[in-house]
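Welcome to a short tour of this structure. Take a moment to look it over, and then we can walk through it together.

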Number of protein chains: 4
Amino acid sequence: MNASRVQATVIGDSDAEPEALTAAEAVGAILARLGVTVVTGGRGGIMEAASKGAAEAGGLTVGVLPFEDSSKANSWCKVVIPTGLGHARNYVNILCGDFIIVIGGGAGTLSEMCFAWIQNKPIFALKAFGGYAQEFAGKQLDSLRPDVVISCENLRELEKKIGDWLHLDNILN
Amino acid sequence: MNASRVQATVIGDSDAEPEALTAAEAVGAILARLGVTVVTGGRGGIMEAASKGAAEAGGLTVGVLPFEDSSKANSWCKVVIPTGLGHARNYVNILCGDFIIVIGGGAGTLSEMCFAWIQNKPIFALKAFGGYAQEFAGKQLDSLRPDVVISCENLRELEKKIGDWLHLDNILN
Amino acid sequence: MNASRVQATVIGDSDAEPEALTAAEAVGAILARLGVTVVTGGRGGIMEAASKGAAEAGGLTVGVLPFEDSSKANSWCKVVIPTGLGHARNYVNILCGDFIIVIGGGAGTLSEMCFAWIQNKPIFALKAFGGYAQEFAGKQLDSLRPDVVISCENLRELEKKIGDWLHLDNILN
Amino acid sequence: MNASRVQATVIGDSDAEPEALTAAEAVGAILARLGVTVVTGGRGGIMEAASKGAAEAGGLTVGVLPFEDSSKANSWCKVVIPTGLGHARNYVNILCGDFIIVIGGGAGTLSEMCFAWIQNKPIFALKAFGGYAQEFAGKQLDSLRPDVVISCENLRELEKKIGDWLHLDNILN
């Protein structure tokens, strides 16, 4: 992996509770401080909060939209990819991440977790905000992969686990 | 809906148990007898079995491949759509179905169930063969839809429920 | 190639002159009589005419739509693939054809000719109806392929050249 | 248009002459100095040269790859979008640009010019390096748009015309 362009995809609902949004903003800031580019689906809710947190912390943000019109991205995305693919953009969104962070999440987010699983991407799930992040934290999506969705009880644990993954397993090797 | 071109997408693993394959073949035959075109992902396992069952019963079969090369479709697909989209073809696969039938299923199948849910497609789940079909039978994937994945204990119940859906709710109206 | 599922993609404008539409209908009928499944973009104009000609001659027809909604296909498509990909469906449309037939054509059709060229598909161009079919008949799109777009002065020449390609080079080998 | 995120897509062959590569590098630098993010297809040749020119001038660069593997991008792309769409990524690549710059170009580039035309994007063609840029400079791709591909004899004219478009027509309004 080219250390100067590590990318993480943050996934979660376009409609989320205030506590989940606050966490997503903190996740964006954590990634920015680690020098990781933050990719999201470019819309509201978790996507916007993660982008805002990253942008305000000086990080680079990318929004991979389902639409053809880039003006529909939230204003915190520095780069906009208007795919025009509809929900098939969920697959592109996941391919963009060297690892994935999931907060809450309904059916759309779950489709992205499935793609991340199939593509052997590390998936970090913040447990505290319900949804499929909580449901699959510490579990497999199927038996084709030996590992599990990485369960993170809180932001501190998330930051620690991402840092470990970045430094021990991938970048320094 | 144009009665002459009702299409159903049958989803499930490319690697499945003999009992599940036998059921998939029967599902294909049921759909063919109802005059419904059978769409699958065009590969092996449940996809091939459903296509075989439909083709042998005189039905029309379509395989929506992730690959660019149509020769990789199973031999029971009369029409082959080599999308070249990788797993993003899961979305196209689901868009092709007026309704969806799921048998067993791991992460790939679950991504398709999510897309079917988001697109408001009726989802009929055969419960007897484990996987995500069983896990979500009778449940919602999230709260954005009021209904549930339609649980079918066996082939007879599946045939009855599909017949009801086709005749009462859609085609005769 | 599996002889029972040879597919040809017919490309051309959704808005075309009556003479071109009549020719497209005849092309559809020719393909149907050869046992070739006719794939188009599923919309009006050349696409609808080719589908109509094929369907009326007893052939199988497939429409690969840019939209998510299958009801937007013309009524002559027996199978509808609502890709939801926007114009990116042009690529899928071309991948579906073992060979390509082009009648007239503006920028959208030209994008499909480019993809057919890149994918090494034989391209048969009916010269009599202007557009990019006429402009590139007998020419290369670039120097990466040694052959040319196959020029056909009229329907008889088209039928002869397709027949030769089907029987001599591909199906009987 | 959000002035802080104007994006231009630079298109041209992955295999190009040294003079064309030098020009592409200069184009990248021009765009970077204008504060415009440079999007390319992420591969070699014109794409790599434009990315290099932009990156060395302090600009932001994005590579929209046909592959699923981000490591295949050239090293000058700060952001990598591994679409996994094959040549269908050409459509996404074009959607990413508020305007398009074309240098030389064969069939792949021409497919992108077609999509840019269909999407009503301004297309600036550098005439001096042959290919479809030269062939269509000052011309229409079809009659559905009243304007033409904007012909630029040299880099100075290109810079002037892009500057005029950015300032007079779009950003200040």
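## The largest pocket

α4(B) contributes the most to the lining of the largest pocket, giving 4 residues. Helices (H or I, at least four residues) and strands (E, at least two) are DSSP runs, numbered from the N terminus. The pocket itself has a volume of about 800 Å³. It is lined by 35 residues, and D142(A), L144(A), D13(B), S14(B) and G106(B) lie nearest its centre. The elements giving two or more residues to this lining are α4 (107–118) of chain A and, from chain B, β1 (7–12), α2 (46–56), α3 (89–95) and α4 (107–118).

The lining divides into 12 nonpolar, 15 polar and 8 charged residues. Here Ala, Val, Leu, Ile, Met, Phe, Trp, Tyr, Cys and Pro count as nonpolar, Asp, Glu, Lys and Arg as charged, and the others, Gly among them, as polar. On a 1 Å grid over the protein atoms alone, a pocket is an open set of points where a 1.4 Å probe fits, with protein on both sides within 12 Å along at least five of seven lines; lining residues have an atom within 4 Å of a point. Grid points are joined across faces, edges and corners, and a volume is the space filled by probe spheres set on the points.

## How to read the model

This is a predicted model, in which local features need pLDDT of at least 70 and side-chain atom pairs count only at pLDDT 80 or more, while totals for chains, interfaces and linings use all residues. Residues are numbered from 1 along each chain as its sequence is written, chains are lettered from A and ligands numbered from 1 in the order in which they are written, and side-chain values use heavy atoms, leaving out hydrogens and water.

## Chains D and A

A rotation of 180 degrees, with 0.0 Å of shift along its axis, superposes chain D on chain A with an RMSD of 0.0 Å. The two copies are thus related as by a two-fold rotation axis. Copies are superposed by least squares on the C-alpha atoms of residues with pLDDT of at least 70 in both.

The contact (heavy atoms within 4.5 Å) takes 26 residues from chain D and 26 residues from chain A. About 2100 Å² is buried between them, with carbon and sulfur atoms giving 52%; buried area is the accessible area (1.4 Å probe) that two parts lose on being put together, summed over both.

## Chains B and D

Chain B and chain D each give 4 residues to their contact, and they bury about 280 Å² between them. On the chain B side, E68(B), G84(B) and L85(B) lose the most area, together 75% of what that side buries.

## Salt bridges

Across all chains, the whole structure has 25 salt bridges, each a side-chain nitrogen of Lys or Arg within 4 Å of a carboxyl oxygen of Asp or Glu. One of them joins K160(A) and D164(A), with the closest N and O atoms 2.7 Å apart.
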